[in-house]
Amino acid sequence: MNKTFDRASSILFALIGALFVVESRSISTSAYGSEVGPNLFPMGLGILLILLGLRLFWETFRYRGAVPSAVPLRHKRFLLMLLATVLYAWFLEEIGYVIGTFLFLLAGFRLMGSASWWKSAAVALAFSVGVYAVYVHILKGTLPGFPSWLGL
């Protein structure tokens, strides 16, 4: 709870949220007459980010004083998660959504300190397969499928 860092980050979050809202207005609305278009999700995220940024800014005024940070910064864990995120985005098309998301979540769970490989793998697999099934088969959306070299 660093007051200066929290204030600066809250302003940055609100500005990024405002950028999302402004830029989402340039995305075309639905071409099929539907009320829900592709601009709705980024606009909603932008509004949510603005509200959360304002909430964090408001909370900085309620800090009692300089509170020393009790938790040491974990730069190695952060850099590994950043690397996992970049690799996930880089290889998503080549390895597909289910495999890529499974590996990304498994790495994330392990980096966050999950003690059990089996539980981490089960949750990562259930989430990646479940989201793929709902989005592709029920909502008729598109996500990168399985790679062609698997033969599926």
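This is a predicted model: local features need pLDDT of at least 70, side-chain atom pairs count only at pLDDT 80 or more; totals for chains, interfaces and linings use all residues.
Residues are numbered from 1 along each chain as its sequence is written. Local features need pLDDT of at least 70, side-chain atom pairs count only at pLDDT 80 or more, totals for chains, interfaces and linings use all residues, and side-chain values use heavy atoms, without hydrogens or water.

Helices are DSSP runs (H or I, at least four residues), numbered from the N terminus. Helix H3 (residues 75-95) packs against H4 at an angle of about 175°. Their axes, lines fitted to C-alpha atoms over the stretch in contact, are 9 Å apart. Angles run from 0 to 180 degrees between N-to-C directions. H3 is therefore roughly antiparallel to H4 (over 145 degrees). Contact means heavy atoms within 4.5 Å. On the H3 side, the contributors include Leu80, Tyr88 and Leu92; on the H4 side, they include Tyr97, Phe104 and Leu111.

The largest nonpolar core has 5 residues: Leu92, Tyr97, Val98, Tyr132 and Val136. Such a core joins buried Ala, Val, Leu, Ile, Met, Phe, Trp, Tyr and Cys residues through side-chain atoms within 4.5 Å. Buried means under 20% relative accessible area (1.4 Å probe, protein chains only). H4 (97-111) and H5 (117-138) each supply at least two residues of this core. Beyond neighbours within four places in sequence, Tyr97 contacts residues including Leu92, Phe127, Tyr132 and Pro144.

An unreviewed UniProt entry lists residues 40-58, 78-105 and 117-138 under "transmembrane region". Such annotations may be inferred rather than shown by experiment. Residues 78-105 are 96% helix, with end C-alpha atoms 15 Å apart. Residues 117-138 are 100% helix, and their end C-alpha atoms lie 30 Å apart.

Note on methods: Buried means under 20% relative accessible area, exposed over 50%, partly exposed in between (1.4 Å probe, protein chains only). Angles under 35 degrees count as roughly parallel, over 145 as roughly antiparallel, 65 to 115 as roughly perpendicular and the rest as oblique.
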